[in-house]
Amino acid sequence: MSQSAQPIDPGLIDEAARWLARSRSPGFSESDARALQQWRATSATHEYIWSRAKDLDQRFGSVPPAVGMKVLDRPQVVNARRKILKMLGALVLAPSAGWWMYRSPAGQALRADFRTGVGETRTVVLESRLRVELNTDSAINVVTDGAGTQIQLIDGEILVDATLAGTGASHTCSITTPQGSLHGSGARLMVRCDARSTDLMVLEGEATAIPEAASGKRTLSAGQRVKITAQEAGDISAAPEGADGWVMGVLFADRMPLDQFLAELARYRHGILRCDPAVAAIRVSGTFQLKDPDEVLRLLERTVPVRVQARTRYWISVVPA
């Protein structure tokens with residue numbers, strides 16, 4: 001696709017603005033959520049516009065919480081939608097928008113060799129006998145040649161096992177992310193990335209992390225982790241115990257702050273999961289099953305002084321009891 005791609009249909013932007021305003025309404029039902037998912041899955045363009053609308057909402061508060069209306073032509077909702085349209089349209093109606101949509105993480109994920117949805121995990125055994133575990137909402141591309149296996153982690157989290165258990169051999173793999181590259185031989189690596197940074201944990205063996213700017217290369221041993229951005233690598237620290245628990249379908253917490261715990265749990269469920277600042281510092285410990293995040297929330301209510309406040313199934317806040 002070239003940079004001369006046609007502009008995105010303004011009608012799609014209006015639809016995204018309507019869906020965003022509607023999703024903030026207390027009347028947003030499960031059937032509404034399914035319809036939204038279908039709208040997003042219509043094309044990569046739909047998903048791209050939705051991701052930009054959500055990003056704007058989170059960063060700039062485009063849709064005020066007071067917009068809790070079931071009828072979208074009420075004045076408050078109309079004003080909210082106009083605000084979204086103004087901001088979103090400025091970003092995606094340029095002639096090169098199709099190109100940026102194609103190159104965006106959302107667009108790339110839809111075309112990825114392997115991907116998972118929210119709440120889904122997946123095991124992939126490559127021709128090179130390298131084993132890759134994909135965590136929730138993750139996407140990768142894979143190229144295997146004589147030099148080894150190259151994995152492009154587009155978004156999300158993976159655990160890569162290059163030990164070829166049972167043969168005594170090892171396999172070299174290279175993992176690229178938006179922030180740089182990671183290299184290991186005969187290692188087990190866990191890699192997580194988003195638009196801002198990449199987090200590497202070495203579970204077995206050794207690995208090297210190289211930021212895109214090639215500044216501050218780091219070599220790690222088993223039990224160590226490092227976070228890199230495109231510009232630099234951070235300090236090496238100890239990897240937390242149980243960080244790979246998701247492979248077994250569990251979330252391990254050892255005195256984890258509640259806001260951090262909920263941020264992790266939110267990755268495995270659709271919708272919004274917010275933590276009231278008044279309870280953010282509460283410490284949580286235990287082993288929690290990820291197959292049912294809502295049951296984890298109910299367990300929290302029974303074990304710590306919080307209350308789960310649900311506007312809808314897809315809009316939940318954890319507040320003081």
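Modeller: Helices (H or I, at least four residues) and strands (E, at least two) are DSSP runs, numbered from the N terminus. By that rule, the protein has 8 helices and 18 strands. The model is predicted: local features need pLDDT of at least 70, side-chain atom pairs count only at pLDDT 80 or more, and totals for chains, interfaces and linings use all residues. Residues are numbered from 1 along each chain as its sequence is written, and side-chain values use heavy atoms, with hydrogens and water left out.

Colleague: Which strand pairs with strand 9, and in what sense?

Modeller: Two strands pair if DSSP finds at least two bridges between them. Strand 9 (residues 198-204) pairs with strand 12 (residues 224-228) in the antiparallel sense, over 5 bridges. Within this pairing, Met201 has Arg225 of strand 12 as its bridge partner. Strand 12 also pairs with strand 13 (residues 237-238), again antiparallel, over 2 bridges; there Gln224 is bridged to Ala238.

Colleague: How many aromatic pairs does a search of the whole structure find?

Modeller: A pair of aromatic rings is described by the distance of the centres and the angle of the planes. Rings of Phe, Tyr and Trp (its six-membered ring) pair if their centres lie within 6.5 Å; planes under 30 degrees apart are stacked, over 60 edge-to-face, and the rest tilted. The search finds 1 pair. The ring centres of Phe261 and Phe288 are 4.9 Å apart and their planes stand at 65°, so the pair is edge-to-face. It links distant parts of the chain, 27 residues apart: Phe261 lies in helix 7 (residues 258-266) and Phe288 in strand 16 (residues 283-289).

Colleague: Are Phe261 and Phe288 buried or exposed?

Modeller: Buried means under 20% relative accessible area, exposed over 50%, and partly exposed in between (1.4 Å probe, protein chains only). Both Phe261 and Phe288 are buried.
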